[in-house]
Amino acid sequence: MMDRLRILRDYFPTAIYTGKALIFISEDSRVELTEHTRGGLSQSVPVIRVRLFTKNRHGEFEPGHYEDFEIPDLSDLAGEVEKFVQFAVGKNIKE
């Protein structure tokens, strides 16, 4: 598992890899990418879950929306994750 996260780490140079997640942190938001596999007999593409967190008035990050991505091609996956995060938090995660 986690192979796709390691590869995505190279695509997103500002990400922090914790061993179980890729994390992007800004002053007012946090984005977390985790890798999951769906149960079942067939070997399907691992799911990359993108979770969005926003800061509350006490300065703590609260979980918000999440989206699951099941795109087999890593280049396409990285592009779609980047677009999703950019529109959701209003920031480019590659910078």
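**Note on the core and aromatic contacts**

1. The charged end of R30 sits over the ring of F53, at 5.5 Å from the ring centre; a charge is taken to sit over a ring when NZ of Lys or CZ of Arg is within 6 Å of the ring centre and within 35 degrees of the ring normal. This is a predicted model, in which local features need pLDDT of at least 70 and side-chain atom pairs count only at pLDDT 80 or more, while totals for chains, interfaces and linings use all residues. Residues are numbered from 1 along each chain as its sequence is written, and side-chain values use heavy atoms, with hydrogens and water left out.

2. The largest nonpolar core has 18 residues, of which L8, L33, V50 and V81 touch the most other members. Such a core is a set of buried Ala, Val, Leu, Ile, Met, Phe, Trp, Tyr and Cys residues joined through side-chain atoms within 4.5 Å. Two or more residues each come from α1 (3-11), β2 (22-25), β3 (29-36), β4 (47-55) and α2 (74-89), and α2 gives the most, with five residues. These elements are DSSP runs numbered from the N terminus, helices being H or I of at least four residues and strands E of at least two.

3. If its neighbours within four places in sequence are left aside, L33 is in contact (heavy atoms within 4.5 Å) with L5, L8, K20, A21, L22, F24, I48, R49, V50 and V81.

4. In α1, the residues R4, L5 and L8 are buried, where buried means under 20% relative accessible area, exposed over 50% and partly exposed in between, with a 1.4 Å probe and protein chains only. They lie on the same side of α1 because they cover an arc of only 95° around the axis, the arc being that of the directions from the helix axis to the C-beta atoms. The buried residues of α1 pack against β1 (16-17), β2, β3, β4 and α2.

5. There are three aromatic pairs in the structure; rings of Phe, Tyr and Trp (its six-membered ring) pair if their centres lie within 6.5 Å, and planes under 30 degrees apart count as stacked, over 60 as edge-to-face and the rest as tilted. One of them is the edge-to-face pair of Y11 and F12, with 4.9 Å centre to centre and 85° between the planes. Y11 counts as partly exposed because its relative accessibility is 29%, whereas F12, at 0%, counts as buried.

6. F69 and F84 also form an edge-to-face pair, with 5.7 Å centre to centre and 70° between the planes. This pair links distant parts of the chain, F69 in strand β5 (residues 61-69) and F84 in helix α2, 15 residues apart.
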